[in-house]
Structures are given as structure tokens and as C-alpha cells.
Amino acid sequence: MRVITSSAQIQPQSTSRIMMIRPVRFGFNSETAESNEFQQHSFAQSTLETAGDLAKEEFDLMIDQLKKAGVDLHIFNDNEDILRPDAVFSNNWVSFHQSGKVVLYPMMAENRRAERRLDIIERLKEDFKVEEIIDLSYFEKQGKFLEGTGSMVLDRRYKIAYACLSPRTHPEVLEAFADALGYEIVAFSASDENGKAVYHTNVIMCVGDVFAVVCLEAIKDPDERQMVRATLEETKKYIIEISFDQVRHFAGNMLMVRNTKSDKFLIMSTQAYESLTDHQRQALSDYARILHTDLGVIEGNGGGSARCMMTEIHLPRK
């Protein structure tokens, strides 16, 4: 694999500009549950009548924390017109790139495809330069999917996309993404301790600027595991390994962001934070200030956590 070094400083890994969608009709999505081991049906039943309101409260607490940290937030409201139970996980349907390219992704669950909203992109065009919209959603007709920066964890500095293959992450769509954006793909298979395929790469992996959090034991093939480790080391990442148990508590689902002063923050949920060891917390704190909020209802019903709720805007400003 060719690692790009000469242009590594051109593209920053993190951004201070984050898009988020405030949930309106949030709830347990039965269409996604079969492939998402993180959705808890028993938990969802216990919060059936209150999940929507509780999710809004969790969302607003996270927003409040990010605003106090000085992150530039671009918040859009979902609406009542269409049932979009997973709208809060906006990073699955769109990604924004420094080149001015916007990518729309093919979604596995039919009821998630309505999350793609061109009105949001039109609104962002008022502040940012959009050179091209690359729409990969046509792959849905072929039964092939790639759910954005859930399916891929991007090292934007080196233009590498890490991706564990699953029903939601198809190699042909990965190739289409790589061709359109000039990325190299590091693809592998990953599963939990029971052999169940990991549905999204971003539940077992986070790549920061000079560090990476990863559950290497989920990559069963030793050659693939070594390939991932070697690529991280080639790109000068300090590797912090997490366990299966920590993955179940969303310790892999974190994102490094910056504020408008370029201070670095690592965003995660409270249960993710509490699952980390003291040594892991200290190691991560050396690279960024850790911020965490309670996202238990969103995590239990939706099967996603803090990283899934944040869509990075790397588009150039007008």
C-alpha cells in the first residue's frame, strides 16, 4: 500500500464545523435491528412511549456541551412529515470534503433512505463551496450499500478509508467512493466474540490526527489485523486498543473535533467514557480534551452513539 506523506499536512483530520440533525420521531428501527447488534429490543420496549422525548433531551445536552466548547454547529431539525427514526445519525447518508465534493450514500434500510435531504445541502451552500455532488445511492437498486462514515473511518490526512466489510459495506461501492475521492481502501472483515459481523467500522475504530482507537481482536484474520496495524503505524498513529466489552459500550464510537480556536476535543458518550481504563483515558487526554454526555436512550434504541450523530463539514468556506 502506498502511504501519502508529502501532502499529509494539506488536509486536516478534524474540523470545527459539525452538522447535526435534531430528532423528532426517534425510536427503535426494526428494519435495522437484524444487522445491528447494538440495538437493544428489551431496552426499546421499556422506553417505547418516552424514547422520542428522551432522545431530544440527550441531543440537546450534547449540543449544549459542544457549543460551550466552541464548536461551530450547523443544526437542522427533522420534521414530522416522514418517519425517520434514525435521522439523528446523519453521518450515514452524507459526507463533506475539503475538495468541495459532497457524497450521498446508499442505505441498506429502506426507511432510512428518506434521511438524504438535498434541502440541507442547499442551505449549506449558502456558507460553503460545493463543487460537486457525488450520488452513490443508485447502488441501492443493486442491493449494494455503503453507509457513509459509519461504514468507513477516514484518515483524511492520508486519504485512507478503513472499512470492515458487512451487509452495509459493499466492496464495489467502496471502490466507487475511492475512485471519486482519491482514497485508498484498507478493507477487512470484523466480527464480535460470537462471530457476528460488525455492522459499521466506526463502532470498533476511531482515527484521530496522531492516535487511533481500535478493537484489533475483532479482526480475526491475522494478515488483515497486521495490515490494519501496519497502516496505522505507517501513518504515525499511537494505537490504543479496546476490548469487545468496551466496543459494546461504544468506546470505538468517538470523534475528534476542534473548536474555532483549534483546541482539540474527543467526543464520546458517558458509557463509552466509563468503560475506558484510567490508562486509556490518560492516553487519550494527552491528545485531546475528552467530552462525554449520557446518550443511553439513543444508544439503546438506535444502536449508534456520539460519533454517528456528528457529520463533519470539511467543505471550504465561501
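**Reading side chains in a predicted model**

Guide: The structure holds five aromatic pairs. Please keep in mind throughout that this is a predicted model.

Visitor: How are the rings of Y105 and F177 placed, stacked or tilted?

Guide: One reads the distance between ring centres together with the angle between the planes; planes under 30 degrees apart count as stacked, and over 60 as edge-to-face. For Y105 and F177 the centres are 6.4 Å apart and the planes stand at 35 degrees, so this pair is tilted. Y105 belongs to the loop between β4 and α4, whereas F177 belongs to helix α6, so the pair ties together parts that are 72 residues apart in sequence. Both Y105 and F177 are buried.

Visitor: And how should I describe the rings of F211 and Y287?

Guide: Their centres are 5.4 Å apart and their planes meet at 20 degrees, so the pair is stacked. This pair also links distant parts of the chain, with F211 in strand β10 and Y287 in the loop between α10 and β14, 76 residues apart. The two residues may be read by their accessibility: F211 is buried, with a relative accessible area of 0%, whereas Y287 is partly exposed at 25%.

Visitor: Which residues do ring pairs link into a cluster?

Guide: Ring pairs link Y105, F177 and Y183 into a cluster. A ring may also have a charged group over its face: R281 lies over the face of Y273, at 4.4 Å from the ring centre.

Visitor: How many residues does the largest nonpolar core have?

Guide: The general idea comes first. In soluble globular proteins, nonpolar side chains tend to be buried together. In this structure the largest nonpolar core has 42 residues, and Y162, I204, M205, V228, L232, L266 and L284 are those with the most contacts inside it. Strand β10 supplies the largest share of this core, four residues.

Visitor: What is L284 in contact with, leaving aside its neighbours within four places in sequence?

Guide: With those neighbours left aside, L284 is in contact with F211, V213, I240, M254, L266, L276 and I290.

Visitor: How many disulfides does a search of the whole structure find?

Guide: The general idea is to look for two cysteine sulfur atoms within 2.5 Å of each other. A search of the whole structure finds zero disulfides. As for individual cysteines, C206 is buried, with a relative accessible area of 3%, and C308 is buried, with a relative accessible area of 2%.

Visitor: How many salt bridges does the structure hold?

Guide: The structure holds 22 salt bridges. To read one, note the distance from nitrogen to oxygen, then the place of each partner. One of them joins the side chains of R112 and E115, at 2.7 Å from N to O. R112 is buried, with a relative accessible area of 3%, and E115 is buried, with a relative accessible area of 2%.

Visitor: Where do R156 and E312 lie?

Guide: The side chains of R156 and E312 meet in a salt bridge of 3.8 Å, N to O. R156 lies in the loop between β6 and β7 and E312 in strand β15, so this pair ties together parts that are 156 residues apart in sequence. R156 and E312 are both buried.

Visitor: Is D209 buried or exposed?

Guide: D209 is buried, with a relative accessible area of 6%. Its side chain meets that of K264 in a salt bridge of 2.4 Å, N to O. D209 is in the loop between β9 and β10 and K264 is in strand β13, so the pair ties together parts that are 55 residues apart in sequence. K264 counts as partly exposed, at 33% relative accessibility. Salt bridges that share partners also join D86, R112 and E115 into one network.

Visitor: What is phi of K159?

Guide: Most residues other than glycine have a negative phi. In K159 phi is near 55 degrees, a positive value in a residue other than glycine. K159 is placed in the loop between β6 and β7 and counts as partly exposed, at 31% relative accessibility.

Visitor: Where is F250 found?

Guide: F250 is found in the loop between α8 and β12. Its phi is near 70 degrees, again a positive value in a residue other than glycine. F250 is buried, with a relative accessible area of 1%.

Notes. Residues numbered from 1 in each chain as written. Predicted model: local features only at pLDDT ≥ 70, side-chain atom pairs only at ≥ 80, totals over all residues. Heavy atoms only, no water. Phe/Tyr/Trp six-rings, centres within 6.5 Å; stacked < 30°, edge-to-face > 60°. Helix = DSSP H or I, 4+ residues; strand = E, 2+ residues; numbered from the N terminus. Buried < 20%, exposed > 50% of the residue type's maximum accessible area, 1.4 Å probe, protein only. Lys NZ or Arg CZ within 6 Å of the ring centre and 35° of its normal. Core = buried A, V, L, I, M, F, W, Y, C linked by side-chain atoms within 4.5 Å. Contact = heavy atoms within 4.5 Å. Salt bridge = Lys/Arg side-chain N within 4 Å of Asp/Glu carboxyl O.
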